[in-house]
Amino acid sequence: MQRRHSIRLTCLAMGLLLLAGCASRTPAPDTQRAAGQWEAQQERLAELQDWELKGKAGLRTPQDSTSANLDWLQTPYYFRILLSGPFGSGRSVLEGREGRVSLTTGEGRAEAESPQALMQQELGWSLPVSALTDWIRGLPAADRPHQLEKDELGFPAHLEQDGWEIDYRDWSRVGELWLPRRMKLTYDDLVVTLVVTRWQPEPDEDA
């Protein structure tokens, strides 16, 4: 029972941490950033609406440490996150449209009206999904207190908001944008890491 709960926690936490966005092709190495680039791309960051990405996510708690492969499709009206990994859960699908979110695993299917409600229903706790839609792009959530430290080139390095600490470890050149490639998110003893290996800005409409 404890292992099944851990698997479900992993699927929900990883999936819901990633309901937000950026976009592009295969990331380039973090070797060409320059001062002023981050400020110059703020408007384009806010305009990103559609993408598909592949990567890896990890979750560590005092009781467990697991990882999963990630395939994530996002549009303005629909998202689908496929998770698979070595922890024995097979394939898990987190998907939703406005007003309905579902999680399908080998144990069955659960639904709720929002990602937050689904987490509360299945786990008894929730993540700040609305803030994560900004954090994953390197932005603080709007209209809430935060502390942001930048590196020598003006890119975000460390963000504190809503009790979370977000460390930006690496960046990728994605078309004309620089986007986070490697992130670490910490809340008390919950640690989530994310590494993006491929971005695609215009996913297949039939996907």
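The charged end of R33 sits over the ring of F155, 4.5 Å from its centre; by this criterion, NZ of Lys or CZ of Arg must be within 6 Å of the ring centre and within 35 degrees of the ring normal. Please note that this is a predicted model, in which local features need pLDDT of at least 70 and side-chain atom pairs count only at pLDDT 80 or more, while totals for chains, interfaces and linings use all residues. Residues are numbered from 1 along each chain as its sequence is written, and side-chain values use heavy atoms, with hydrogens and water left out.

Let me stay with F155. Its relative accessibility is 0%, so F155 counts as buried; the term means under 20% relative accessible area, with over 50% called exposed and the range in between partly exposed, using a 1.4 Å probe and protein chains only.

The structure holds 7 aromatic pairs. Here the rings of Phe, Tyr and Trp (its six-membered ring) pair if their centres lie within 6.5 Å, and planes under 30 degrees apart are stacked, over 60 edge-to-face, and the rest tilted. F155 and W171 make an edge-to-face pair, 5.2 Å centre to centre with 70° between the planes. Because F155 lies in the loop between β7 (147-150) and β8 (156-161) and W171 in strand β9 (residues 164-174), this pair ties together parts 16 residues apart in sequence. Strands are DSSP runs of E, at least two residues long, numbered from the N terminus. W171 is buried as well, at 2% relative accessibility.

What is the geometry of the pair formed by F155 and W178? The ring centres of F155 and W178 are 6.5 Å apart and the planes stand at 85°, so this pair is edge-to-face. It links F155 to W178 in strand β10 (residues 177-187), 23 residues away. W178 has a relative accessible area of 1% and is buried. One aromatic cluster contains W38, F155, Y168, W171 and W178.

I turn now to the strands. β10 and β11 pair in the antiparallel sense over 6 bridges, where pairing requires that DSSP finds at least two bridges between two strands. R182 has V195 in β11 as its bridge partner. The hairpin of β10 and β11 has 2 residues between the strands, and D188 there takes a positive phi near 55°. Strand β11 (residues 190-200) also pairs with strand β1 (residues 51-60), in the antiparallel sense over 9 bridges; in this pairing, A57 stands opposite L194.

Note on methods:
Helix = DSSP H or I, 4+ residues; strand = E, 2+ residues; numbered from the N terminus.
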